[in-house]
Amino acid sequence: MHLAYPAVLAALLFCVGLYGVLARRNAILVLMSVELMLNAVNLNLVAFDVWLRDTLHTGQALTLFTIAIAAAEIGIGLAIVLMVYRNRGTSDIDKLRDTAETAADDGPPAPAAGDDPAQKAEAAA
């Protein structure tokens with residue numbers, strides 16, 4: 001089998017995943033697109049392992065490692081998305097970004113009337 005077939009398929013999968021990360025607004029679909037990109041990398045690892053006829057099967061070992069990392073990543077990612085959905089009521093990335101920028105633009109909160117040290121010194125005098 002030629003190396004070009006799995007390499008082209010992996011490139012297409014990676015491009016579809018990259019498009020999903022850049023164009024989607026739902027956090028769960030972004031996580032699915034990241035998984036698609038990782039699977040494209042896994043396909044390349046296994047294809048090059050078979051093509052090079054590696055006796056240690058390094059590509060397959062790295063693929064198993066990548067699958068384990070991806071499983072941990074998706075578990076933590078879904079937990080974060082669920083907590084954000086419970087707190088904010090949406091998993092739309094644009095709306096979450098807008099609320100974060102609005103909170104950052106407001107600046108630090110103004111001190112309360114009794115919190116100013118100069119006012120405390122005047123009141124004590």
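How many Å² does the accessible surface of the protein come to, and what percentage of that surface belongs to carbon and sulfur atoms? The accessible surface is about 9,200 Å², and 68% of this area belongs to carbon and sulfur atoms; areas were computed by the Shrake-Rupley method with a 1.4 Å probe, and for residues only the protein chains shown count as cover. The model is predicted, so local features need pLDDT of at least 70 and side-chain atom pairs count only at pLDDT 80 or more, whereas totals for chains, interfaces and linings use all residues. Residues are numbered from 1 along each chain as its sequence is written, and side-chain values use heavy atoms, with hydrogens and water left out.

The secondary structure comprises five helices and zero strands (DSSP runs, numbered from the N terminus: helices are H or I, at least four residues; strands are E, at least two). Of the 125 residues, 19% are buried (under 20% relative accessible area; exposed means over 50%, and partly exposed in between, with a 1.4 Å probe and protein chains only).

The buried residues of helix H1 (residues 4–23) are Pro6, Ala10, Gly17 and Gly20. Seen down the axis of H1, these residues fall within an arc of 85°, so they line one face of the helix; the arc is taken from the directions from the helix axis to the C-beta atoms. They pack against helix H2 (27–52), with contact meaning heavy atoms within 4.5 Å. The face turned away from the buried side carries the exposed residues Leu12, Tyr19 and Leu22.

Ser91 lies in the loop between helix H3 (58–88) and helix H4 (93–105). Ser91 is buried, with a relative accessible area of 17%.

Conventions
The expected span of a helix is 1.5 Å times one less than its number of residues.
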